[in-house]
Amino acid sequence: MATEKKKKRVMIAIDESECSHHALEWALDNLRESISSSSTAGATSAAPEAEEERLLTIYTAQPLTNLSYLTAASYGSASPEFIKSLQEQQQKVSLALLEQAKEMCARQGVVAETITEVGDPKETICETVDKLKVNLLIMGNHRRGAIQRAFLGSVSNHCVNNAKCSVLVVKKTG
């Protein structure tokens, strides 16, 4: 009888913030055993059906660039070349961020895949959780005040209430 590995997927959503970096460090320090590539569930069990494959995904969303200020700054519309240049720069920053996170994982002996998408982080994170069938989403908390949350919204709060998986919000103390 062929054994089928159960997939357990953890996704860590990151951005350029210090709290996001802290969430990744916290996950690696505290959950390394749980997010390593593969293992046998219940180390004392030799049952073939106990095999599980663990997948770690590091995710970042590239927010849609607000180009309204460019129109005002350029007394008209911004050139397509300039807009493309801004979008390419944003993608380079996102890819560098993911590469840095992947290297942090590798130093801890954890293999991770990376994904970046363009869009509203609140929506794209929840959509990716659903698409990849993530079991646990880990993210940081910007610790914004009530007024900032009212105007900017809270990505972590949105994900806690809308993601189709458990969500762990890592707060930076101190």
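Residues are numbered from 1 along each chain as its sequence is written, and side-chain values use heavy atoms, with hydrogens and water left out. In this predicted model, local features need pLDDT of at least 70 and side-chain atom pairs count only at pLDDT 80 or more, while totals for chains, interfaces and linings use all residues.

User: What makes up the secondary structure of the protein?

Analyst: The protein has six helices and six strands. Helices (H or I, at least four residues) and strands (E, at least two) are DSSP runs, numbered from the N terminus. In that direction the order is β-α-β-β-α-α-β-α-β-α-α-β.

User: How do you know that helix 1 bends, and where?

Analyst: The bend at a residue is the angle between axes fitted to the seven residues ending there and the seven starting there. At Asp29 this angle is about 60°.

User: Which residues of helix 1 are buried?

Analyst: Buried means under 20% relative accessible area, exposed over 50%, and partly exposed in between (1.4 Å probe, protein chains only). Cys19, Ser20, Ala23, Leu24, Ala27, Leu28, Leu31 and Ile35 of helix 1 are buried. In the protein, buried residues make up 34% of the 174 residues.

User: Why is Thr128 called buried?

Analyst: Thr128 has 1% relative accessibility, so Thr128 counts as buried. This residue lies in helix 4 (residues 121–132).

User: What does Thr128 touch, and what makes one of these a polar contact?

Analyst: Contact means heavy atoms within 4.5 Å. Leaving aside neighbours within four places in sequence, Thr128 is in contact with Met11, Tyr59, Glu117 and Val134. A polar contact is a pair of N or O atoms within 3.5 Å; within protein, one must be able to donate a hydrogen and the other to accept it, and residues adjacent in sequence count only if both atoms are side-chain atoms. The side chains of Thr128 and Glu117 make such a contact, at 3.4 Å.

User: How many disulfides are there, and how do you know that Cys159 is in none?

Analyst: A disulfide is a pair of cysteine sulfur atoms within 2.5 Å. By this rule there are zero disulfides. For Cys159 the nearest cysteine sulfur, that of Cys126, is 4.0 Å away, and Cys159 is in no disulfide. Cys159 is buried, with a relative accessible area of 0%.
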